[in-house]
Amino acid sequence: MNTISDNILMVKKTIKESCEKSKRNTNSVQLVAVSKKQPMTRILEALEAGHRLYGENRIQEATEHWENLRAQYNDLCLHLIGPLQTNKVKEAVSLFDVIETVDRPKLVKHLATEAKKQNKAISCYIQVNTGEEEQKSGVRPKDLPSLLKLCHSEGLNITGLMCIPPKNDLAPLHFAFLKKLAAQYNLPNLSMGMSNDFDKAIPLGATHIRVGTAFFGERPVEIK
Ligand SMILES: *Cc1c(COP(=O)(O)O)cnc(C)c1O
């Protein structure tokens with residue numbers, strides 16, 4: 001197994017090359033290291049290597065991974081990249097800095113209320129179901145304008161869009177579509193691209209790439 005530091009170097013090299021090819025500043029792309037299903041030893045290794053930006057897709061696991069480390073690393077930044085149930089909003093607002101998966105009116109209202117209650121100016125992205133897949137979360141593109149309007153009236157701070165392209169589709173088509181939507185609504189952040197395709201997301205404007213496997217190595221199979 002490669003060390004985390006080796007992996008980070010390789011991912012950063014690809015980021016740099018993609019940025020150069022597309023004439024972007026390397027600093028304009030943030031590497032969100034997806035630590036879901038990774039053992040604490042790997043996470044500690046990544047922290048040791050100096051990485052501070054992480055993504056998790058489940059609240060309970062994220063709490064187990066990060067609740068105690070928060071106090072130790074005050075420059076830590078955590079993104080929620082998985083679906084959020086309204087009964088977990090309180091924990092999510094308390095633990096995360098950015099919630100990337102806002103996708104429905106009920107969630108907007110709960111998040112806005114909870115952010116006020118905790119007096120926390122949490123930054124949010126809207127997840128767009130660009131492939132209009134039945135089983136996938138994310139707002140349908142046609143419902144994006146009304147959801148944004150609601151966020152605005154509820155005072156929820158939306159700063160970007162996020163997508164997960166369909167498995168058997170050409171991801172760049174979805175990246176380009178998301179970029180167009182973000183430009184249309186003046187949203188600066190674009191979370192798109194994972195281990196297999198982040199090099200293709202960067203030329204299309206990704207500001208946040210969500211990289212798990214290429215950063216940490218294969219996720220271990222759960223033994224229970
Ligand atoms: C797991 C996950 C990733 C990372 O996937 P890799 O292929 O391991 O890079 C990115 N985004 C989301 C939403 C995920 O759930």
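# A tour from strand β6

Start by selecting strand β6, residues 157–162, a mostly covered strand in which five of the six residues are buried. Buried means under 20% relative accessible area, exposed means over 50%, and partly exposed lies in between (1.4 Å probe, protein chains only). Strands here are DSSP runs of E with at least two residues, helices are runs of H or I with at least four, and both are numbered from the N terminus.

Before moving on, note that this is a predicted model: local features need pLDDT of at least 70, side-chain atom pairs count only at pLDDT 80 or more, and totals for chains, interfaces and linings use all residues. Residues are numbered from 1 along each chain as its sequence is written, and side-chain values use heavy atoms, leaving out hydrogens and water.

**Stop one: β5.** Strand β5 pairs with β6 in the parallel sense over five bridges; strands count as paired if DSSP finds at least two bridges between them. Look for Cys124, which stands opposite Ile158 in β6. Now follow the chain from β5 through helix α6 (residues 144–154) to β6, a right-handed β-α-β crossover. Right-handed means that, with the strands pointing away from you, the path from the first strand over the helix to the second runs clockwise.

**Stop two: β7.** Select residues 189–191. This strand, β7, runs parallel to β6 and is joined to β6 by three bridges. Here Gly160 stands opposite Asn189 in β7. From β6 the chain crosses through helix α7 (residues 171–184) to β7, and this β-α-β crossover is right-handed.

**Stop three: the cysteines.** How many disulfides are there? The count comes to zero, where a disulfide is a pair of cysteine sulfur atoms within 2.5 Å. For Cys124, the nearest cysteine sulfur is that of Cys151, 7.5 Å away. For Cys163, the nearest is also that of Cys151, at 17 Å. Is Cys124 buried or exposed? Cys124 is buried, with a relative accessible area of 0%, and Cys163 counts as buried at 0% too.

**Stop four: Ile43.** Finally, select Ile43 in helix α2, residues 40–48. Ile43 is buried because its relative accessible area is 0%. Show what surrounds this residue: beyond its neighbours within four places in sequence, Ile43 is in contact (heavy atoms within 4.5 Å) with residues including Tyr54, His65, Trp66 and Phe216. Then pick Lys142: Ile43 and Lys142 are 99 residues apart in sequence and 39 Å apart in space, C-alpha to C-alpha.
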